[in-house]
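Me: I want to go through the labels used for this model one by one. Please set each value against its cut-off.

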Amino acid sequence: MVYITRKEHFSSSHRLYNPAWSDERNWETYGKCNNPNGHGHNYDIEVTVAGDPPAETGMVMDLKKLSDLINMHIIDRVDHKHLNLDVDFLRGVIPTAENMAIAFWKILEKEIHGGKLYSIKLNESNNNFVEYRGE
Ligand code: NI
């Protein structure tokens with residue numbers, strides 16, 4: 001089994017906020033990320049696909065094709081957008097990196113053929129990142 005990874009980048013704004021909670025509880029839970037008018041992040045997404053490269057091509061999957069799929073189905077829908085307001089597939093979802101990785105998985109899983117989607121890593125900053133493997 002070989003694991004191939006494509007990295008892409010996007011910038012978005014969001015607000016971490018649970019509408020079922022009081023302002024105090026939101027502030028205690030999310031701190032500055034609860035800022036009412038939002039704030040931005042420069043995200044990196046790394047999508048890993050697993051498979052055995054067939055003899056004919058020697059490639060698990062064409063990385064250019066993988067890049068195109070990530071851009072078409074994810075980046076074009078979130079880049080320079082407000083994640084709470086502008087993104088249909090995140091409606092009603094608190095846009096933490098965890099929830100975003102899960103939402104991205106649900107979309108990409110259907111689009112990747114040949115290899116199998118293995119993991120999605122989402123880097124929200126140099127120090128904070130999450131990984132989801134569909135489990
Ligand atoms: Ni944030």
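Me: Why is E131 called partly exposed?

Reply: The model is predicted: local features need pLDDT of at least 70, side-chain atom pairs count only at pLDDT 80 or more, and totals for chains, interfaces and linings use all residues. Residues are numbered from 1 along each chain as its sequence is written, and side-chain values use heavy atoms, with hydrogens and water left out. Now the label. Buried means under 20% relative accessible area, exposed over 50%, and partly exposed in between (1.4 Å probe, protein chains only). E131 has 39%, so E131 is partly exposed.

Me: What makes E131 and R133 a salt bridge?

Reply: The term asks for a side-chain nitrogen of Lys or Arg within 4 Å of a carboxyl oxygen of Asp or Glu. The side chains of E131 and R133 meet at 3.2 Å, N to O, so the pair qualifies. R133 is partly exposed at 39%.

Me: How many salt bridges does the structure hold?

Reply: Four. One of them joins the side chains of K64 and D68, at 2.8 Å from N to O. K64 and D68 are four residues apart in helix α2, so about one helical turn separates them. Helices (H or I, at least four residues) and strands (E, at least two) are DSSP runs, numbered from the N terminus. K64 is exposed at 52%. D68 is partly exposed at 33%.

Me: What parts does the salt bridge between R77 and D88 tie together?

Reply: The side chains of R77 and D88 meet at 3.2 Å, N to O. R77 lies in helix α2 and D88 in the loop between β3 and α3, so the bridge ties parts that are eleven residues apart in sequence.

Me: Why do β3 and β5 count as edges?

Reply: Five strands form an open sheet in the order β3-β1-β2-β4-β5, with mixed pairing. β3 and β5 each have a single partner strand, so one side of each is left without a neighbour in the sheet.

Me: How do you know that β1 and β2 pair?

Reply: Two strands pair if DSSP finds at least two bridges between them. β1 and β2 are joined by 13 bridges and run antiparallel, so they meet the test. The bridge partner of I4 in β2 is V49. β4 and β5 pair in the antiparallel sense over four bridges. They form a hairpin with five residues between them. K121 stands opposite E131 in β5.

Me: What makes H14, H39 and H41 donors of the nickel ion?

Reply: Donors are N, O and S atoms within 2.8 Å of the metal (3.2 Å for Na, K and Ca); water is not among the atoms, so sites may look incomplete. H14, H39 and H41 each use NE2, at 2.0 to 2.1 Å. The spacing of the donor residues is H-x24-H-x1-H. H14 in strand β1 and H39 in strand β2 are 25 residues apart, linking distant parts of the chain.

Me: Is H14 buried or exposed?

Reply: Buried, because its relative accessibility is 0%.

Me: Where is N34, and why is N34 called buried?

Reply: N34 is found in the loop between α1 and β2. At 7% relative accessibility, N34 counts as buried. N34 touches residues including R15, Y17 and W27, not counting residues up to four places away in sequence. Contact here means heavy atoms within 4.5 Å.
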